[in-house]
Structure formats: C-alpha cells, structure tokens
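Visitor: I'm new here, so please take me in for a close look at the place where the two chains meet.

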Protein chains: 2
Amino acid sequence: MEKTFDTLLARMQELRDLGGLIGLATWDQETYLPPKGAESRAHQLSTLQGIHHERLVDPRLGELLAWAADNKSLTADQRAMARVLTQERDRAVKVPKALVQALAEAQSRGLGAWREARKQNRFAVFQPALERMLALRREQADAYGHDGERYNALLEGYEPGMRVARLTPVLSALRDNLIPLVAAIQAAPRKVGDFFQGRRFDPEAQWRFTLRLLGDMGFDLEAGRQDKSIHPFSSGQHPTDVRLTTNIEEGSLTALLSTLHEGGHGLYEQGFSAAHYRTPLANAPSMGLHESQSRLWENLVGRSRAFWTHYFPALREAFPEALAGVDLDTFHAALNRVTPSFIRVEADEVTYNLHIVLRYELELLLIRDELPLGELPSAWNERMRRFLGVTPPDDTQGVLQDIHWAWGEFGYFPTYSLGNLYAASIYRAAQRALPNLEEGLARGELRPLRDWLRTHVHSEGYRQPAEELVRKVTGQGLTDADFLAYLKSKFGALYGVAL
Amino acid sequence: MEKTFDTLLARMQELRDLGGLIGLATWDQETYLPPKGAESRAHQLSTLQGIHHERLVDPRLGELLAWAADNKSLTADQRAMARVLTQERDRAVKVPKALVQALAEAQSRGLGAWREARKQNRFAVFQPALERMLALRREQADAYGHDGERYNALLEGYEPGMRVARLTPVLSALRDNLIPLVAAIQAAPRKVGDFFQGRRFDPEAQWRFTLRLLGDMGFDLEAGRQDKSIHPFSSGQHPTDVRLTTNIEEGSLTALLSTLHEGGHGLYEQGFSAAHYRTPLANAPSMGLHESQSRLWENLVGRSRAFWTHYFPALREAFPEALAGVDLDTFHAALNRVTPSFIRVEADEVTYNLHIVLRYELELLLIRDELPLGELPSAWNERMRRFLGVTPPDDTQGVLQDIHWAWGEFGYFPTYSLGNLYAASIYRAAQRALPNLEEGLARGELRPLRDWLRTHVHSEGYRQPAEELVRKVTGQGLTDADFLAYLKSKFGALYGVAL
C-alpha cells in the first residue's frame, strides 16, 4: 500500500460516500419508503453500516493515519482531516463486535419496550430494557476508556472535547438562574393567552411560507430540498444535497419555526468549504454547535420582533381568516408565551433548558449507577416540581416522553442546551460585527447574517473542536451569560417586568 | 471460512442489499435529487458499485460457489441460487479492472458526444466516441469469451441463454411478415386520424387515473410507489419496495399507458416468492421476459377494447371537456393508430418491432466490424425506407435518436422485441387458462390475470432461463406466431381489412 495523502484521501472519500448513502437511505425511510419496505430497508441499512464500520476499522487505514500523524509535510487542513478521522476510528476500533451487536439488539428491544410502556402508560414495562441498555452503555464507556467518569466517554460521541467537570457547573448555574426567572415571569402582571387555540392555518399556505423562508434565509434549494415527515429532521448527504423535512399541523404555525430550525442546520451543511467536500472536515465539530445554528435561526431570529416586523404582513396575507384583526405585538407575544409544561419539545425558550438539566442530572446518575432504576419516575417528577412547579400526571407525560433513552442515547440531551448557549453567544458576536443586523432583519434582510455565519462558523468545518471555534468567534468559550442576558432583556420587555 | 449454505446466503444477501441501495440512489437521482447534488451522487454511486463489484469477485465467494456447485445436499432452489450467482460472478471476474474503467470513461464521453451531436444534428460529432465504445465492447466480448460471434457475449448480459443463431431467424421472419402487414394497413380503406392533436388532459386528473389503474391491476401501493420523472422507469429496491415513475404530458394520455407499462414491470418485481427475497432468484431471468410483462399490460391489456369497455366511462368523467362527444370505438381506434414514423418510442404496436430489427441488424454488423461507421447513418436511412417507407429528415430523427449506443448498450434492443413476442405468447396461454379473461377485463377485473401471471411467471423468479420458463408456461419457446396472429386479428378488425 502506497503511503501518500492521496491514498488516505481516497479512503476518506469512500467513507464519506458511504455516510452520504446511509443518510439517503435513512431520509428515504422517513419520507417516501412504502410501509411494507421497512424490513428490507433495515437490512440494507445494516449492510451499509457494516461495510462503513469494516472500512473504518481496516488496519491499513490505521497505518495510513499513523503515517499522516507523523508527517510534517502535510498542510494544516490535511493534518486536521487525519486527526478527526483518527479520533473516529480509534473509538470504533475499541468496541468489540459482540458489544456492537448487543447494542443494536438492545436498541431494537428498547424501542419496542418504550412504545409498549407508553401504550400502557407504565414505566415498569420499559424498565428491564432500559436496565440492559444502561449496562451495555457502561460497558461501552469502559471500552472507549475514561478518567473514572464513564459519562465523559459517552458525551464524547456527541460533543467531542466536552467533559462533565466543565459542563456540570455551567448547567447547574443555568438551572439556578432559570428557576427564579420562570417564577418572575409567571408572577408578572402581563399575561399571554393561548393564541393558537381554535385557529386554523391552511396547510398549503403554510408549505409555501416555509419554502419562502428557506429561500429568504439563503438556503440553496438547488443544493437541497424540503419534504414532509412525521418528525422534522435534517440530513446532509453532501453539502450540495441537504435535505430538510417539516411537519405541518393545521392548528398551529410550528412548521414555520421548525423550518427555520432545520434550515439553520441546513445552512451549516451547505456552508462547508468546497475544499473539504468528501473529507472529515466537512462536518460540524459537535452536535451542540450544529444545534446552535438551528436554535439561532429558530429562536434568536425566528421569534424576534425584528423578524416579524418584516414577515407579519405577509403572514396575515397568507392566513387572512386565522389572523384577522391580529396585530404584530399580539402575534409576537403569542410566539413567545412562557408556560411551564410537562413536554420538552413543546417548551418555550425560558423553560426549555430546565427540561434538559433535569435529563442531564438523571442520566449522569444512571450512568454512574447512583440511582436505582425503579426510582427514576419519582426522581423525574420531583425535579419537575422543583424546576418548573408542575407534576406530570402520568409516565407518558413524564419519564417516558422522549425516545432518546430507549435508543440508548445517553450524553445527547446536554447538546441541546449547549446549542442554546452557543447560539446566544454567537448571535451576540454577530450583533457586534453587524451593527445594523436588527434593522436589516426588520426589512427582511437575512442574508448578511447567513454570510457572516458562513464565513466565521460554517466554512470552518471541523478544523477545531467546538468550544475552540466558539472562542475564536465570540472571544470566550462556553458561558450562560449571553443566553441569560438575552432572555432577561427579551422576556422582561414582553412581560413588562424587570428580570 | 466455514463452507455452509448460510455463509453463502449471507453473501448473497449482502450483494442484494447493495444492489437495492444502488437502485435507491439511482431512483433518487431521477426523482428528488437537487440539481447541484449530481456530482456527489455520481461519486456515491461509483463507490457503491465499486464495493458491489469487489464483493462479487471476492475469491472466497468463488470458493463458496464452487463448493455449492458440487453439493448434492442442497435443495433445487439453493442450487439455482448458486448457479445464477456463479454466472454473474464469472462474467464480472473476466473483465480486467482497466477495461471496466475504460468503459466507464467511454460511457461518460459517449453520452457527452451524443448530446452534442444531437444539438448540432450531425452524426459525425458522435462518431469518434462511438468508434471507441465499439472497440471496447468488442474487447469486453472477447474477455467474456464466445464461440466466434462476439455479439453473443454481449447479448448474454441482457438475455442470458439467447444466441444470434436463435434470434436472427426469428427477427428476420418477423420483419418479413411485418413489412407487408404495415403496407396492408396503410392501404386499408378505413383511416384513423390524429385524435390527440389539440386536446388537453388535466395533469392532476391524469395522475389520479394512473394511481387508480395501478391499484386496480393489483400493484400494492403499500409495497411500492409512483413518482414523476422525465423518462418513466421502474426500479425494484426489493419486492416490498418497488418504485415506478411516470411523466405526464398535458397534450396526450401516454401517461396512462406508461403507468400500465411500468406497473407490469412492478407486478413482476412484487410477485417474486418471499422464499427468494435477498437472493439471486428474486430476479427475472432476462430483460426480454421482464419486458414481456410491461408490454402485456401496456398493449395486450391497455390497448384492448375489453379494457376500455370498462374504463372509458370513467375516463370521460375524468376528462369531460377533452372527451366530450367521443365514443369508445373512436377512442380505442385512436389508441391503436398505425403510422410509420421516425421515432421508435412513439411507434405503434405494428411498426414498433421494425424499429428494433433495424437496430439489431445494424448493431450486429457494428460489433462484427462489418459496417464502416461513417456509413451508419445511410445504412439506417436505407432500412427505414425499406422497412417503413419513410426517410428521416436528419440524424437526430434517425441514427441519433436513442441513448443506448452512446451508453454502450449493444445487445439491449432485441430484448424489446423478445418482450413483445413473449407477451403475446404468454397472454395467449392466459386466455386458454382463463376462459372468461376478456369478459372479466370488460368488467374491470384485472386481478385474475395478475394472479395467473404471479403464479406461473413472477413467483418462478430466476429458477430457469427465460425461454425455458416461457416453454413451461405456453407449451412452446420463442415464436412470432402468437404475436402476428394477435396483430392480424386486432388490426384487421380495427382497420376493416383482411390481414
């Protein structure tokens, strides 16, 4: 085997091509696959993932990467490509095949048990499958290796470089700041009612509006598309083929915000540098950073008064009946209504991260084996009361609401909060760099923000870890300061209260 | 490596999974891929095809197949699976990698040159690329091995078991029978005008009608789907995931016949035995036999008076303006209008096979190197005059009309005629087995025919070569007798002339 960068590059490209095809087959599964094709698709995906794994752990790739690691003649980008792939490969090599298979089986059983438990509305039905999954994930964490904190080894799979010792103080402080903030908003004299109750928004008009938003924010619809699926998601087969989905409900306008969210992910994928295509650098450095881009467009932009200053007249034209007599202020307040609730995915910007901290604290205890599984529902409900002042009426609206643990995803939840915190800091940096940003948004000018993000965040790809990139862009690393300042200013004004 | 049938089966399944994924990526390319994603998709497909090839030629698969060939303890189906895969593998092994790459390059160049030649309307622009492609295909035929007739080695790739010595007499006799038949219809006193000229058929209503036809003919829309593409095609990822496309034009109803055509292919794919899923037996034994099913539904059923006896009232309801005052006989005659024309894909049932015989004769000469390439356009036009009495006004409407040669497909065209001949013979066998077939069609009962085809043709898969299966089903092998009898009876009645 010839040891040249071209040889290594060819292997990187093959892996990326296979990854893109896994993305396509998964996208198709959620959009166009006929129902009876589910089993054959599962076989095809498993075959493809098996080949991807086999190519990744191939010892000859290991030799090429070792050669590249020592090679001073490579460019900085070439070294970064080798470094990123080495990290991915090292993790893959460490997990024995038997454990990979056991995890796949546990996922499939976990999913089945979780669905049955929701049907019966009883956590106990899910408990044995969750017990097994936790045991396997602990075993996997030990296989990866860690400094005594198993959770770090799992977190690394979603948020490379992040550690419990760095994350816990930030999330605990965030929690301690948010609890009184929620209470203050609850106690504010100004109230916001349930605006959407009883209104109907034509689905066709919603679909057209989402496409208009995607075009306006600079998502290239010649290098991507939007389709419909039950749960919205984004899937990057390649930066020139980025697929988003949305789910349109007649009774709300969540599809619009969901499109801004997925569009934010999509802009990240489309914004990778052409020089990095088909290499490990055409990747976000972490899920938290990827999420920062979706949250930035959904929340910082899409729930702002400036944004709706421009779009509200068009929205009223698109839904003349549903929005008859509604003014901008009423609509903007409705989009930002704060209500402590049971369900994470329906939570507003203020309460959302309390749902995440709750999950983070619990999964940390579970991975550490410090919480008997039978006590999980009560531990969940106790925190719901303490953080949000509400008690879930049953398990389905409590501990059983998310699919993540059934699927074995421990370490994933905190990336949502990291996304929110990074989004606020990055948006603040954009405000400093683009002094007329808000005035532009109020005129419907979304491109300057996209271009700034592309230059400073997206085109960097995976050259450096997430927090290092954030520090480069904002001048500081992970912090809750920008996020809390944003919440206090926005919701203070909306609820007419000093926060 | 353990030599068991399960080990072999796992490899068969992997190959089928990869084949299904190649099908999905190709389907997506023609339906939903964003335009700028073309280049990345080409990379992904090339990677996937490379892996498929690598797995197919793997020497350990060869050892497993050799073991299976000698093994008397295997069932008949297991031996057939091994036999079919051995044939495929032997051919793949024989072509050197350098030739595979040269062919891929020649295809890409051939396609480019063909498009440019059509734009300039000059065969000479295409000639050098075609010359190169012919040289490579001759080289490939020699690599496959043959009995002195190179064309046989190429034909084998589309129609396994078929030989020039068997095919030429049948197609020559067909030609000699069709030429006077066309002339007699031309001379008939009854004339059929261009019915569709100036009429407009609502595209949405056409789309709904095509879906109704698919449902009625028993195509399972839970195990398949229909989408739109520029050129209609069918693509079987798996018998439970069969994808058809159609192309709707406002000015005609060809979409309906095209859906019946692709639906015929689709029923074949859905009809494979579940015991053969993910093995080489879940395959048609030849392209000609596959085509027989599409032609049977498009022509024998879809252009029959019985079929439209049931559907014409619904058609008039679907297109009340376009079909105002039109009666069944007029419409049925319009669907079966015979006109010698330049373009194969627009040809009627009577003239169609003359277009094919022309191409077969020419490509046989080309592969034998018995026709100087510069003379190809005049040889084409001379045959057009002799067979159909018309002279193409230019190369684009003559020798440049089909994409097949640009793509290097020599040996493909005759499978279209084999499809027509097999379809007529199989339909005749169905008529014998189902005495009330036509009366049923006139009541819209398409399922008995589908069920009969499923039992006698589809579920057999690739247990035996095409002609052997046809012999089992119809009592005789390849013949033009049923097809000619069908044409004479149908078009004699339509044109009011004894044929």
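Visitor: And before we zoom in, how many salt bridges does a search of the whole structure find over all chains?

Guide: This is a predicted model, where local features need pLDDT of at least 70 and side-chain atom pairs count only at pLDDT 80 or more, while totals for chains, interfaces and linings use all residues. Residues are numbered from 1 along each chain as its sequence is written, chains are lettered from A and ligands numbered from 1 in the order in which they are written, and side-chain values use heavy atoms, leaving out hydrogens and water.

Searching the whole structure turns up 79 salt bridges over all chains (a side-chain nitrogen of Lys or Arg within 4 Å of a carboxyl oxygen of Asp or Glu). One of them joins D482(A) and R428(A), at 3.1 Å from N to O. D482(A) sits in helix α20 and R428(A) in helix α16 of chain A, so this pair ties together parts 54 residues apart in sequence.

Now for the meeting place. Chain B and chain A each bring 35 residues to the contact (heavy atoms within 4.5 Å). Between them, about 3100 Å² is buried, with carbon and sulfur atoms giving 58%; that is accessible area (1.4 Å probe) lost on being put together, summed over both parts. In chain B, Y32(B), K36(B) and Q44(B) lose the most area to chain A, together 18% of what that side buries.

Eight salt bridges run between chain B and chain A. R55(B) and E54(A) pair up this way through their side chains, at 2.8 Å from N to O. On chain B, α1 (5–31), α2 (38–57), β1 (224–228), β2 (234–238) and β3 (241–246) each supply at least two residues of the side touching chain A; helices (H or I, at least four residues) and strands (E, at least two) are DSSP runs, numbered from the N terminus. By class, that side of chain B has twelve nonpolar, ten polar and 13 charged residues (Ala, Val, Leu, Ile, Met, Phe, Trp, Tyr, Cys and Pro count as nonpolar, Asp, Glu, Lys and Arg as charged, and the others, Gly among them, as polar).

Notes
Buried area is the accessible area (1.4 Å probe) that two parts lose on being put together, summed over both.
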